Amino acid sequence: MERVNYIARADGRLTVTGAPEGFDAWLAAGAAQSRNGLVAFVTQDGVKAANASEVIRFFAPGVQILQFPAWDCLPYDRMSPSPDIESQRLATLASLARRTKDSGPAVVVTTVNAILQRVPPRAVIETASFVAKQGDTVSLDGLARFLAHNGYARASTVREPGDFAVRGGIVDLWPPGMEPLRLDFFGDRLDAIRTFDAETQLSSGEVKNIDLLPASEVPLDEKGV
């Protein structure tokens, strides 16, 4: 622990060599705990990032793990990154944007490719949200515009993260980093918010409020386009 405390207190650049794989992740978690703040742990690739997350989860269960993977497509490729990866990245960016001094210890586990990639400005992530709770008056058209402008894809049935569907007074959507949600409206009143299974389409648990994130790192409003 003496070495961990020394690393956590060090100002400026500090080089640590000779740490075997696994021990380096333990050091990062220990530094986050000693600082009671945020530490970024950059790995070589996705496999090593997953291993590091498991180490931190085992040795430091009280430390929040924020996974930030790289896109799984090439620059200028015609294919977009997979919805799961974009969801994870956006959930981490939102968590970072909302952190305060009292948020506690956390480790951002990422890769070289991911940390070199440009991300949206912090202000975009902070403002691109939609908050509502049961009983609120919510415009269905306004909600649909928010979803369309923030990267959600309209579909007949919600099957993957980033999809949304409108069927009369019911809106199904799958926000990044969350379970699929079913919003039940009576006119403009939000009567109920439930989670549901994307495979069976059956509703399950009840949710009191929602805080929606963008589904894409590229804003699709007029200014963004």
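Modeller: A residue counts as buried under 20% relative accessible area, as exposed over 50%, and as partly exposed in between. The model here is a predicted one.

Biologist: What makes up the covered face of strand β11, and what the uncovered one?

Modeller: In β11, residues 209–212, Ile210 and Leu212 form the covered face, while Asn209 and Asp211 form the uncovered one. In a regular strand, side chains alternate between the two faces of the sheet.

Biologist: Why is glutamine 201 called buried?

Modeller: Its relative accessible area is 19%. The limit is under 20%, so glutamine 201 is buried. Glutamine 201 sits in the loop between β9 (189–196) and β10 (203–206), and its phi is near 65°, a positive value in a residue other than glycine.

Biologist: Why is asparagine 36 called partly exposed?

Modeller: Asparagine 36 has 41% relative accessibility. That value lies between 20% and 50%, so the term is partly exposed. Asparagine 36 is in the loop between α2 (23–35) and β1 (38–43), with a positive phi near 55°.

Biologist: What makes β5 and β10 edge strands?

Modeller: The open sheet of six strands runs in the order β5-β6-β7-β8-β9-β10, with mixed pairing. Strands β5 (153–154) and β10 each pair on one side only.

Key
Residues are numbered from 1 along each chain as its sequence is written. This is a predicted model: local features need pLDDT of at least 70, side-chain atom pairs count only at pLDDT 80 or more; totals for chains, interfaces and linings use all residues. Side-chain values use heavy atoms; hydrogens and water are left out. Helices (H or I, at least four residues) and strands (E, at least two) are DSSP runs, numbered from the N terminus. Buried means under 20% relative accessible area, exposed over 50%, partly exposed in between (1.4 Å probe, protein chains only). Two strands pair if DSSP finds at least two bridges between them.
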